[in-house]
Structures are given as structure tokens and as C-alpha cells.
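Take a walk through this structure, one stop at a time. Begin with a single residue, then move on to where the chains meet.

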2 protein chains.
Amino acid sequence: MSDGETRRGDGGMGTGAGARRRAGDTAPPAPAVHGSRIDQYADQYAARARGMVASEIRALFAVAARPEIVSLAGGSPYVAALPLDLVGEMAGRLIASQGRDALQYCTAQGDDELRERICEVMALEGVHAHPDDVVVTVGSQQALDLITRIFVDPGDVVLAEAPSYVGALGAFAAYQAEVVHVAMDDEGLNPEALAATIAGLSKAGRRIKFLYTVPSFHNPAGVTLSAARRPRVLEICRRAGVLLIEDNPYGLLGFDGEPLRPLRAETAEGVVYLGSFSKTFAAGVRVGWAAAPPAIRDKLILAAESAVLCHPSFSQLAVREYLATQPWREQIKAFRELYRERRDAALGALTALMPAGCHWTHPAGGFFVWLRLPPGIDAKAMLPRAVASRVAYVPGTGFYADGSGREYARLCYSLPEPHQIAEGIRRLAGVVENELSLRDTFAPVMRGDQVNG
Amino acid sequence: MSDGETRRGDGGMGTGAGARRRAGDTAPPAPAVHGSRIDQYADQYAARARGMVASEIRALFAVAARPEIVSLAGGSPYVAALPLDLVGEMAGRLIASQGRDALQYCTAQGDDELRERICEVMALEGVHAHPDDVVVTVGSQQALDLITRIFVDPGDVVLAEAPSYVGALGAFAAYQAEVVHVAMDDEGLNPEALAATIAGLSKAGRRIKFLYTVPSFHNPAGVTLSAARRPRVLEICRRAGVLLIEDNPYGLLGFDGEPLRPLRAETAEGVVYLGSFSKTFAAGVRVGWAAAPPAIRDKLILAAESAVLCHPSFSQLAVREYLATQPWREQIKAFRELYRERRDAALGALTALMPAGCHWTHPAGGFFVWLRLPPGIDAKAMLPRAVASRVAYVPGTGFYADGSGREYARLCYSLPEPHQIAEGIRRLAGVVENELSLRDTFAPVMRGDQVNG
């Protein structure tokens, strides 16, 4: 798929969001304007707050939620597939019989029995951890926030695939990390690029705090780190002393063949593993976790305590009860089949309908297809026209810290029904075709303008 | 867990994996020791992580939870007073009928209808806000974390009462704020001390980011800012341009007479108001909120998104449903009566049993009595002996950023039954009496030792 590595050559430190944020540290920015109001606090904010900008996904939510739009944006699981009556009965019994715990504060590390169950879930993928190693977090997102909080000083380097998960980039930006992207392709993260990037940064005296990676069923790229590359990535990080943050929310949602073992299944040293029930049970409980080496775990617990005191017991115990009393393994199988069907609908429609010059990944699991548009088509500029044609996606730029990715779109097939996916892609293909004919009609003129103007 | 291949003292920085992980840190801190392990990541953490230390309350939880101990520590609400059957039925119906929302992601600002209900709750105390002003947070703790995140650069000053809420001090420390305490007395925060502190800091060129205050039924001090002082505190902050963070988790739990209006009831300008359902409904849902001026609200939403993506819908909708379908005003009245009875039990036992030289506050609401021990008695040193006598409290030192407060203990009366409270205070009085007789027996000798060298 992508050539999309980090374009650090195009001006180096002087470009990209990271550079803009650093520049803001010394000179106060212009006051932000909200409607007709000037922000009277503009010169009061912390340096880190100046880098807080609305994610492209968030701005899309309101629009994409309109019923006439087929949303391939989002990234939401299809929770309607859960047996809601049974889950409701379970929750009711839980409150009635264990309300004193479910409605009370918990420890910052999380409920003991839930952490035991989490270890059973990880064991399904070959990850063996002790409940003591686990910290329950408000989704994986909080784990990312807390890891960045304990490791990253402003200007420290975080390595991430190109592209990378938008929520992770948001957490890294909030702590003023400089994200350096590492190239990936259809086999996932490129080990040679990783080694070369680490070597270059080390030579430049930069502090690399960790590599953030989604090896299986990548968000947004839809690719999986190949079996051959996994030990190489581990070895490169081990040798360079670079901590590895493995984010694996989709690992149990593989469609084709035997899923690959997580990196954490090979070694507990130097790896922090992030898991989540958002995709295998329900996003609305916001139960994720980190399994970390003891020293890091201790810091994560302290950081969690100062961030939220503790995770909601109400959610934690609901998940604990779900895992204890409901056929959750079968439910995951059902989700897997459901998402496989939607993946097939997406790939079938793309193959049948997308104009020449488009390329896309073939996810073996997870929620996402990463679409590359033909040369000259800008996914971000195209989005309003796509929405007018009643289809939404996320433009690629949100998944790069350096503003690149305009030629990409993330298509999420998890939430719409298969026939809606096909219809959405039909609409999208029409939009792309329109863009292409505009391009072919006007591009020579535009180029002429530039030359003459 | 592998055992200590890298024991401390066997060669210092030259041994162990940590030495490999050099990353250009100029002054690596001493390796942290966890049991027999050296923390191999010790020189990798962010500067802010070095200030993360376990709170004194957290270390107490395990001990205070033992059934033979009367815990006056904690700070937990008495959730067993809730009609758990009815709340369970409500939760069950919610999932069965609205599971698609309750189990799905939400926006980072929080559920629309919940924010409307929150405005109704605030209106009970005379605070008028628009749902747009409200951001739902994972307890008030997350609001504190996010406010500090957006405002505080390392070294910035945060003003707080002396003593102040331990969780707030933890959040401020996590962002390397310097907390400057302002004196308080039985009428709450002292306006003259506030004005003088602000003037002194301004003269010294320090950046004051905000005043953090709990005006009503203070945690831990159990006092309330008097009606006469409220406008003065507001005016001092307004003139000095100091943002005011008003934390009001106990405001609806006043026992005596008409409660005072929150500061935010007088003005929305320059005040961020924090509320919580932890004490009026259930701590385990972790639903708190901030009502903030628009520019700050926008930053809070972005910060919340990067911290947790969104608050658990499961919890939010449970609170929404509780407020929509259950007699929550009557439940608050019931809580108020219940805690009043416990407050009376605590004050009665203190008056009857505490030896001379002890002083304590008389809370008109909330959960806490602040006990001052006689001269020479150290609440922190006494704690193990108190626990041996089967009573627990929180020593005062946790509530000061500067290590003072050894002569204080926080007594929380919210969780034990009245007869347990009386028994706990009887035990505590015995412990204090023992300390006093030890002091009177040995103090002259100790002083003699010091003089004689």
C-alpha cells in the first residue's frame, strides 16, 4: 500500500504540526476566536494546550450521524449484535445483588477479578500475563494517555507507523511529543525503515521514548504485521532499548486463517500491551487495559489515580459479570463472522465500482480499509462533496502527525449493514469519478495558470 | 517475574538493562527500587513522573478494609442506602431498550440529555448554566486533571486552601504545579490571606493559574466559606485576574439551615464549577462535570477526548435514566438525613471522649471532621498504633503540598453506621490518650537528650 512514510525530508524540523506547536511555546499565539468572542484566557493556557486541536473525526460525527448518510467514518462497533435483553438482565442482577461494590469507588488498578478475566482473554491470543501486571483503563485511549504522561517530556520522540491511529496521535500531541512516522506496507511496519529511523534519531541525539504500533488489523491502514517481520521488530527495539507499545484492540477479530501471535506473546520484557473490550464486547463501557512490566505498571497506577481516581466500578463489574456469565467467546465468533461479511461487502464493492487509479488494502481482520485515491485527488478537499453525495469517510490527514496523507481515505465497514456498505462505496465511487473528470478537465488549465501567473 | 538480576548496590548505574537505555538524559535520577528490582526504565520517565508518589489514602485502603477495623479514612459514600433493586431494574431496562446507545461511544463532551439534567441539578443550588457549558468527566477528579492539563506549565502556581483535597493536590503535582496554600479557618478561606498571597506572588513575578477551592463542607477541613466572605473571595480573584475553580461535590448535603449559594451562582465569569454524582447518587458511575466559560469548555472537551475519547456511555446513561425516572431529590434528602445522623454521632463521641487538647471542626454538611491533636502528637506516626487499636483515619500530611499537617487527622463519618462511628472514636480517643501519656512520660527525657547531645 503506502509509500506514506514520514516525509521528514521536506524541510525537517521547520514543518508539520509538531514544529508549529514548539514555535508557540515562546511566543504567545493570537487569541482564539469563538464566534464573536475573544478567548480571554488565551495567554493563560499551558504550552501543551496550544497543540490541542479538534480531530477530524470529531468534526465529522455530527454530519455522519444524519440518517441519509452512509457513514464509513466513525470506527464504532456494531453493538446491536449483542443480546441486549440478556446483557440488560445481567446488569440488573449485578446492581441488585452487588450494588454496594458496583456503585462504589474501586482501586486505581482496577477490580481484582476483572483483571483475572482479562488475563483469560489475553491468553486466547497466547499472551500470558499475571493479573498483577494489568491496569484497567478508560478504554485503550486512557492507557495511551497515561503511558505518554509517564514517559514523554516535550520534544521527546515517539515512533509510530505511517499512518497511525488518530487517538494515539492526539495523546502524543497533548504531551508535546514529536511523532516520527515509520514506513509501513502491506506487511505492516517496515523493519528496515524502523532500524534506519532509530539509527538516524540516535545519531542526532534525540530521545526516543517508545514505538507505538498496531501490529494486527491496523487502524487505519487495515494491514497486519507479517509473521516474518514480528521477531525482527522485537529484536530491533530490544537492541536499541526502545520500549514497544503494542495496541491490539482488534486481535480477536481476524477473518482469515490462524491469527498471528501478538508481540507480547513472545516476551514481556520491553513491551506494554494494550487491550480493549470496545470491539469484542461494548465500546460504551470504556474498559481497556494495559499489561506492563512491574515498574511501568506502578507508574501507570499512580498516573491513573491522579487522572480519574479509579475506573467506574459500574462498567468494570458489568464486564466482569459479562465474562463470568455470558457466552463471550461465542459472541466474539459472531462478531468475527459479522465483520467478515462486511469486509467482504466493502472489498467486493471497491473491486466492482472504484475507478482505475484507486488502490486499497485487504484487511484480514478489524474494521478498516485504507483507500488510496488517484493522483491529484485530495481526500480532504473531496469530503464535503462526498457528504453532499451522502457518504462519509475520514480523510487520511488525521492519521499523520505531519499533515501528509491527503491522498488517503479511511473506510470503516464495522457499523453499516453490508448493503449499506455497498451503497456507500457506490456513492463514493461516483464522487471520485466526478473528481477525476474535474481533474482531467481543469488540471491542465490550473497548471497553465500557475506557469503564467 | 524474574527475580533480581539487577539488585541495587551491585555496581549502580553500570549494571542492568537500564544502563543500555541511555537516551541523553542529563541527570538521571537514582533508580527506583520495587522490591528487589531496579527499575530499568528509571532514566526514561518524563520529568513529571518523578513527582508521582502513592497517596497516603491509597496505601490505607487495604488495611482499612479489614472488617475488624472501623475506618474513618476513605471518604466513600454510603451507597447501600440506595434502592438497589430499583436501580438494578432501571439499569436492566436501559440496556434492553437503549443498549445501542448505552454500549456505544459517545461524544467527548458527554450525552446531551444528561447535560440538561445536570443543569437541573445545579439549579437546585442557584447555579444557572446551559447544557452547552457542561463537560461530563470521569468524576470531578478528571475535571481537575483536565483543567490542570490545559492551564499549568511546570512551575506555575496553583492556589489552594490549607489543607486541600488530596486528589486535587495529586492532579496538580502530576503537571508539576507549585501549590501555594492559603490559610483557612472556621469560616473557610481567609480573604486577607488570599489577597496577600496573590500580591506577594505577583510581586515575585510568579504566574498564578488558578485558585482551587471547596467552599462548602470542605474536604478535609469540614468547614464552609461564610456568606460574608464569598463575595470578597470572588472580588479578589476578579481583580487579580485569577481563575477560580470551585469544587462542590457536597453542596447538596448540608445539614443545618439554608445552604449557601455556590460562588458560580453569583457569576459565570472567571469561574469553573465542578460537580459530581459521587455523593448524591453513586461514586461507582464516576460521573462528574465541569461547567466552564466557552473557551475553557472547548479546551476541556479536546483534552477529554485525548485523555479517554469519551466518558463511558454506560455510566452516563445510567445517571441520565436515574435522574429521569427515580425520585432523586428525595434520595438526596434521605442521604442528607443519614449523613447528618452520622455527623452527630461523630461530634457527640468527640465531645464525650476526646482528651483535652484536641480540637475539631463542626461540619454543617459533607463527610469530614478535621481533628487537631494535642501538641507533640503526630497523626502520621500514630496511625499504625491506631490501626492496631482497630481504627483508621487519614493523617493530615496528605492534604498539604508542603509536608505540613502532622498534627491533623481527617475523620470521615459517611460510611460507618453511627454506633460504629462512636466506637471508632472511642478507640481513637484511647490511642490519643496513650500517646499523651507516652509524650508526658518521655518528652522531658527526649528534650533532655537533645540538650545533652
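Buried means under 20% relative accessible area, exposed means over 50%, and partly exposed lies in between (1.4 Å probe, protein chains only). This is a predicted model: local features need pLDDT of at least 70, side-chain atom pairs count only at pLDDT 80 or more, and totals for chains, interfaces and linings use all residues. Residues are numbered from 1 along each chain as its sequence is written, chains are lettered from A and ligands numbered from 1 in the order in which they are written, and side-chain values use heavy atoms, with hydrogens and water left out.

Start with A:Q316. This residue sits in helix α11 of chain A. Helices (H or I, at least four residues) and strands (E, at least two) are DSSP runs, numbered from the N terminus. A:Q316 has 0% relative accessibility, so it counts as buried. Contact means heavy atoms within 4.5 Å. Leaving aside residues up to four places away in sequence, A:Q316 touches A:C106, A:G110, A:D111, A:L114, A:V136, A:V287 and A:H311.

Now turn to where the chains meet. Chain A brings 91 residues to the contact and chain B brings 94 residues. Together they bury about 7,700 Å², with 59% of it on carbon and sulfur atoms. Buried area is the accessible area (1.4 Å probe) that two parts lose on being put together, summed over both. A:L103, A:Y105 and A:F314 supply 9% of the area that chain A buries against chain B, more than any other three residues.

A salt bridge is a side-chain nitrogen of Lys or Arg within 4 Å of a carboxyl oxygen of Asp or Glu. Two salt bridges cross the interface of chain A and chain B. B:D145 and A:R149 meet in a salt bridge through their side chains, at 3.0 Å from N to O. Several elements of chain A each supply at least two residues to the side that touches chain B, including α3 (84–102), β8 (208–213) and α11 (313–325). α10(A) gives the most, with 12 residues.

Finish with the cysteines. A disulfide is a pair of cysteine sulfur atoms within 2.5 Å. For B:C119, the nearest cysteine sulfur is that of B:C106, 15 Å away. B:C119 has a relative accessible area of 9%, so it is buried. B:C237 is buried too, at 3% relative accessibility.
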